[in-house]
Amino acid sequence: MKKSEVSNTLEEIVLLHTNDLHSHLENWPRIRRFLEQKKRENEKKATTTTITVDLGDFVDRWHPLSEATNGQANVELMNQIGYDAATIGNNEGVGNSKDELNHLYDYANFDVLLDNLFDENTLQPPKWAKPYKIIETKQQTKIGLIAFTAPFPLTYSPNGWDIRQPYEILPELVENLRPKVDVLVLMSHLGIQDDLQIAEEIPAIDVILGSHTHHLFKEGKVVNQVQLAAAGKYGQYVGEVHLTLENKKIVKHKAKAIPTESMTAFTEDKEEILAYQQRGHELLEQKKVANLPFALSLDIFDEHSFIQVALEAVKERGQTEGAILNSGLFLSAIPKGLVDQDQLHSALPHPMHLIKVSLKGVDLIRLILEIEKNRLFLRNFPMRGMGFRGEIFGQIVYSGITYDSINHQVFWLNQPIEAERIYSLTTVDHLMFVPFFPTIEIAGNNEFLFPEFIRTVVGDYLNAHYPI
């Protein structure tokens, strides 16, 4: 066989992947330029095929433009790339109401792939999602793409979704799809532990592109001959996987994560990034909420303390006599006068829902003792993730509950707590997800209150009590 005939059978597949951008649009101009340039360069090579995918959590409603457009502006940005496929993360999945998610990709110019989400009523996959995509190269090599997102039944179910564990679906899906493709790629928003397990147990998958846990494999990672890749978070890296194929079989594979700071930056980038912020603020400012006769202060002891008003709001929404919130949730005060959604969003940017927690008296006492034990530690504790978009956890403030620190006694509406009686309080779901208050999850009968975020609940309360 001549040398030229051998080389003709060689083929290069390049997988470019982004993930967990979380609306950090400050990195977007450089990422867009890099992806466009890579695709252009590769198009000139006759035996190279480029596939570009996003692995979810592209949308995060802490950004005013994402909030103002229910994430549609993010999809417009994704359309600039011409992604071949994308999947959802939990920020798209539970950071939007069911209706918002059902319309998020109305104008997308890419396929949305997802295999473990179903409508709770029909048990059918959502209309906007496809179970897989097969891309055929010029050499007739077939690349299969499948996608799974992190299963959080507690938050998907109240929103009308049936989210499944990957292992209920993945083995059979791989078994059915593998004979139809030459290369099989898993777009995973499951996190590092699941990715490692899948690589060990299902080596029929050739490549796992990972996300969700914000892990970074600068030079990729190979487990059981499966190529793993991961590009961190916030658009700080873009992932690139190279597969060399001979006669449609992978003979070589490598992965790397390219730092965004090493990519070309233009002077007009700052202007573009600022414009995203300004457009979001302008859209939110147009939506007036209430007319306050006084300012809402960040001082928890102030007569018109923001947290005290919010405690009343969450009690009203949960229809409870008690509530618990932490002061770190409140990032800015609200001035007297007309209040708009931009002010509320700036003050409470967290994609957090409320939960109604019902506990026996004995468990409520234990919860308050857990809180008191952690109080000083959490006051200046730097919080990250799990829906929290502030800086520190802050002070814990009660409504309807009092604690006598001298006698270590807990009171409900100034009355001693009865051990077997059921008490209900409202708080943010974040308190259930952080590890400091295990009683909520272990002993609580917890009802998630959907679809509003805490800022929406506060806004509705202000609108009802201080209408324009």
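This is a predicted model: local features need pLDDT of at least 70, side-chain atom pairs count only at pLDDT 80 or more; totals for chains, interfaces and linings use all residues.
Local features need pLDDT of at least 70, side-chain atom pairs count only at pLDDT 80 or more, and totals for chains, interfaces and linings use all residues. Residues are numbered from 1 along each chain as its sequence is written, and side-chain values use heavy atoms, without hydrogens and water.

Start with the sheet. Five strands form an open sheet in the order E19-E16-E23-E18-E24, with mixed pairing. Strands (E, at least two residues) and helices (H or I, at least four) are DSSP runs, numbered from the N terminus. Two strands pair if DSSP finds at least two bridges between them. E16 (residues 322-326) pairs with E19 in the antiparallel sense over four bridges. There, leucine 325 faces valine 397 of E19.

Now the helix H16 (residues 454-465). Its twelve residues reach 17 Å from first C-alpha to last, close to the 16 Å expected at 1.5 Å a residue. That expected span is 1.5 Å times one less than the number of residues. Buried residues of H16 include Ile454, Val458 and Leu462. Buried means under 20% relative accessible area, exposed over 50%, partly exposed in between (1.4 Å probe, protein chains only).

The loop between E24 and H16 holds proline 451. A cis peptide bond joins phenylalanine 450 to proline 451, with omega about 0 degrees.

Finally, glutamine 225 sits in the loop between E11 (216-223) and E12 (226-231). Its phi is near 70 degrees, a positive value in a residue other than glycine. Glutamine 225 counts as exposed, at 70% relative accessibility. Asparagine 247 lies in the loop between E13 (237-246) and E14 (249-259). Phi of asparagine 247 is positive too, near 50 degrees.
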